[in-house]
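Biologist: I am new to this structure and should like to go through it in questions and answers. May we begin once it is shown?

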Amino acid sequence: ASLSPGGAATRSSISPSLWSVGRPEATVSEANEEEEQAATGSSVTPFSRTPGFSYDMSATPSAPSFLTENPAGDGGLLGVDAGPRLTGPTPSQSRFQVDLVSEAGAAAEDRSPSSDGSATAQEGPATDPGAGGEEAKGRFRVVNFADPSEAGSAASPEGGAPGEGLQNGDTVMSETSLHSSTGGQHHYHYDTHTNTYYLRTFGHNTIDAVPNIDFYRQTAAPLGEKLIRPTLSELHDELDKEPFEDGFANGDELTPAEESAAKEAADSKGVVKFGWIKGVLVRCMLNIWGVMLFIRMSWIVGQAGVALSCLIVAMASVVTTITGLSTSAIATNGFVRGGGAYYLISRSLGPEFGGSIGLIFAFANAVAVAMYVVGFAETVVELLKVIDAIMTDEINDVRIIGTITVILLLGISVAGMEWEAKAQIFLLFVLVTAIVNYFIGSFISVKAKEPAGFFGYDGSILWENMGPDFRGETFFSVFSIFFPAATGILAGANISGDLSDPQMAIPKGTLLAILITGIVYLGVAVSTGACIVRDASGSLNDTVSSQFMTNCSDAACKFGYDFSTCKSSKDGCTYGLQNDFQVMSLVSGFGPIITAGIFSATLSSALASLVSAPKVFQALCKDNIYPGLGMFAKGYGKNNEPLRGYILTFGIALAFILIAKLNTIAPIISNFFLASYALINFSVFHASLANSPGWRPSFKYYNMWVSLAGAILCCVVMFVINWAAALLTNVIVMGLYIYVSYKKPDVNWGSSTQALTYHQALTHTLHLSGVEDHIKNFRPQCLVMTGYPNSRPALLDLVHTFTKNVGLMICGHVRTGYRRPNFKDLANDQARYQRWLLRNETKGFYTAVFAEDLRQGSQYLLQAAGLGRLKPNTLVLGFKNDWRDGDMMNVETYISMIHDAFDFQFGAVILRLREGLDVSHIQGQGSKHSLKPEKNSIKDYDDEESKAPTQPLLKKDKKSPSMPLNVSDQRLLEASQQFRQKQGKSTVDVWWLFDDGGLTLLIPYLLTNKKRWSDCKIRVFIGGKINRIDHDRRAMATLLSKFRIDFSDITVLGDINTKPKKEHVTAFEEMIEPYRLKEDDMDQDVAERLKNSEPWRITDNELELYRAKTNRQIRLNELLQEHSSTANLIVMSLPLARKGAVSSALYMAWLEVLSKDLPPILLVRGNHQSVLTFYS
């Protein structure tokens, strides 16, 4: 592709396929059309055709030099990167724009000496624009992946091997690809300089992308960046529409922690990553082979015998193996970041369990450092005692040596993971040497060692030691002493962030470590039991002469020793399995190596714990679950080392080292670890039970029921080891769980808790659909026509009061007046207002529909809202206060909605407040043009338009509204908040004039059951005849008592049929005057035409026909003014109008005259199915 010297691109010199792919809207036919035009030489100016499509021509003068310079030489690998580079697309350009260079590279590829699919550039301008297009036809060009900054050095001479950093199959990125275009969300643009993305797919030009791993990344990763696939809107929307803003798919929002991870990953040079051996196997083996192996294993054999010792090892191994399998399943269900046990549990069970275990697990690891260091210090002090070199006294020596040791270990840790790993390898070598040294020694029987009880392998000794000989211990107490030696299986998982491939390393390393250490423990148990007796005096004088041999029954007698005095004497003996903790040193080929092994075991475990604790704590702090701990989230250096966490761990460890007595702390640590194991096992069971499509671990050797058994086993072992510590652990976990649940951290990790909640909701909803409704279980399930939920707060609050925890509430919103409805906006608003309801603690759902008019929209909602049995059965409307001001067709629509509700067998409820209900004009959202409420001054919420999807939808705004409100608006605002306040000692007046099934009575009963309305008494008003007032009152009292509904008073209205006052009748006639048809004063044809065009008009005939009903509404208003003018709420039977017989203007006039100038009034009409029953 060439550029003319003046800087204008000539049409003929640019490949036709380039133009069509450059704009998202280009179609195949357009591309063909342009190719024809190019062939005939006619000029096409694509800049004018495509909105939002532009080339940055400012760099034109220097462009030719980019095309001709190639310092790496012809055919050099990635040679085009080695020279000066074109800048990548800026955010203002289309992200599907293809640079001119890429087409040049494609054209030149034919003549390139190394045509291996790499993007190359040739010296001189290209002359054959079509060649490259055909060359690339039907496939993406795949280029080797290289670190951008090393692209130049990676270029090698023709035919040379690619640079070390290159890996086939990944896309090339330039420096511009890490360009953040929106606040907080990284949008990575293609560097088309080296990669012609979207050029030809399946033989034609398209921007539709083929599957690619980089579309599925959440953040930058070592082998590629987060790319964004074309959105559905960009592929599907019409040409004149702006493409929608790019966003992340559901659940892929980047938390601040993940954003920082993206930045870290971008700078991935020099990061130390470990394989499965160094990272997991070595760590786990070192952590599992603790000091127990050398100084407690022989004692356990002495107490429990060989058979039960093997059972103890096997039981512990079963618990750890099940946990290892569960860990492997979770670790292979998606990419694992740093944080070990915390990360695995929190991402599986959610932040509540994850947060509580994360804190406990980090603390347990910190205290474990102290425990291991004190174990080391005590061994050193023992050696000092032997040579009589105690510095002060034993306990202070432990403190001094422990402090020095932990400082040295901290130094190794802070020096970096590489140094720490080298130290671990050295310690493992020492440990393995000590174990081998013991086994070699066990085969060499030395005469001098016989008085101490070591006789070499012998069947009689093994048989004697086979059974238990508990002295002051029980099976479970011995088990509890051994079990901590089996923990440590999460040492590898805890540094998951430092593993090169955690999904492969964690299962392989952990399970192999459990197997190897288990075999060694069993080997030591059998070996010690087969060659050492339980009791020995250490004295050469305890030999037995041949004549006494007959009385001697012990295994030692066979070798000429009689240690029977050990059992009879008070002090006992100091040698043998039961008495000597250092018996393995005695047996070994070279004693000091066992001491070195003890040092190695303690120091390696301390070092592993010292690294694990800060890493887990750092991951916990990054997720910001506990406010105030954020400072520990900061990492330093290439490996993002948590130096602050190291200092904190060091401080905790030092505090416990200074106590120098860890017998009380050790069981708590074991319990903390076991609690983590139990939850890891439970996570697998829970995830499998939830049956979420997202749960598909690549590690298949797990079973949900085995995991559940593992979780139960862990809990049992906790109580076996120390029931008090187990109770304490459970209390701490529950306390933290409740705290995190209460704080509700703003995170969404797609946990199995969410999946199970969905699963249960679906199951119960389906189950509910199979059960017939029963009167006793009737609940008002309301479809409330609120519009935006915050635009009619009084309506929302009142309905929420009687549906909260009782029935369903759906806020219906009909969006009208759109020539072309924007469904994406509708979906966004759905999520916005659902969050608004949640933040306002309103238990309801928001559902919006687009429709031609309000009636059509309400019909959609009446038909489709809800699910199964969770469907609305009552339509709730606000009263149309302004019905006389606007178009009367709106009144026709409004009344038709009520008729539709009855047609659908719904109940209908209308709320009227004297001041009105709609406060949207105060919020600046009054018109249909404004889709989003700008300010909701009801609760001083401010609608924050924020890019970050995890931020709260509506925040409190301290500022007062900018414009002072007029008097009517001020009253409206006060009235809209009245149902949020505690209602004083007043009444709820129920005018139950017509039996609608009992809904008119049920709603006030549910209201007065709530705390806000509990001080209000129910007064019941019924119609009756003047001569039967007492009878009617008693009948109603009986009915109410059978319904078990409390009431304070029953009033029978004997004068309900009295004629209303003349002035009120006159006022009514004046009100309806403009809406009358007056057909008697015109021709019949003209009257019919007018009635057809304006169906709301009141005919003289219907006015006369319904004169009595009209008078009753006027009279009822007089009675309401007389009896209920001080009530907090009036609930009254809604008058019915026969569909088609009563015009909407007359019906509206009835409702107006009935409810005007009154306290808040709720007009209720059930669907005439019973909702109350007095049968049990």
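Modeller: A charge sits over a ring if NZ of Lys or CZ of Arg is within 6 Å of the ring centre and within 35 degrees of the ring normal. Please note also that this is a predicted model.

Biologist: Over which ring does the charged end of R283 sit?

Modeller: The limit for such a placement is 6 Å from the ring centre. The charged end of R283 is 5.6 Å from the centre of the ring it covers, which belongs to F274.

Biologist: At what distance from the ring centre does R832 lie over the face of Y833?

Modeller: The cut-off of 6 Å applies here too. R832 lies over the face of Y833, and its distance from the ring centre is 5.8 Å.

Biologist: How is the aromatic pair of F443 and Y457 arranged: stacked, edge-to-face or tilted?

Modeller: The structure holds 26 aromatic pairs. In the pair of F443 and Y457, the rings are 4.9 Å apart, centre to centre, with 45° between the planes. Planes under 30 degrees apart count as stacked and those over 60 as edge-to-face, so the rest are tilted. The pair of F443 and Y457 is therefore tilted.

Biologist: How many residues apart are F443 and Y457?

Modeller: F443 belongs to helix 17 (residues 417-443), while Y457 is in the loop between helix 17 and helix 18 (459-464). The pair links distant parts of the chain, and the separation is 14 residues.

Biologist: Is F443 buried or exposed?

Modeller: A residue is exposed when its relative accessible area is over 50%. F443 has a relative accessible area of 62%, so F443 is exposed.

Biologist: Does F479 count as buried or exposed?

Modeller: The rings of F479 and F483 form a tilted pair, with centres 5.7 Å apart and planes at 45°. Buried means under 20% relative accessible area. F483 has 0%; F479 has 1%, so F479 is buried.

Biologist: What span should helix 15 have?

Modeller: Helix 15 (residues 351-386) has 36 residues, of which 26 are buried. The expected span is 1.5 Å times one less than the number of residues.

Biologist: Which residues does T602 contact, leaving aside its neighbours within four places in sequence?

Modeller: T602 is found in helix 23 (residues 591-622). T602 is buried, with a relative accessible area of 1%. Leaving aside those neighbours, T602 is in contact with V291, Y372, G375 and F376.

Technical notes
Residues are numbered from 1 along each chain as its sequence is written. This is a predicted model: local features need pLDDT of at least 70, side-chain atom pairs count only at pLDDT 80 or more; totals for chains, interfaces and linings use all residues. Side-chain values use heavy atoms; hydrogens and water are left out. Rings of Phe, Tyr and Trp (its six-membered ring) pair if their centres lie within 6.5 Å; planes under 30 degrees apart count as stacked, over 60 as edge-to-face and the rest as tilted. Helices (H or I, at least four residues) and strands (E, at least two) are DSSP runs, numbered from the N terminus. Buried means under 20% relative accessible area, exposed over 50%, partly exposed in between (1.4 Å probe, protein chains only). Contact means heavy atoms within 4.5 Å.
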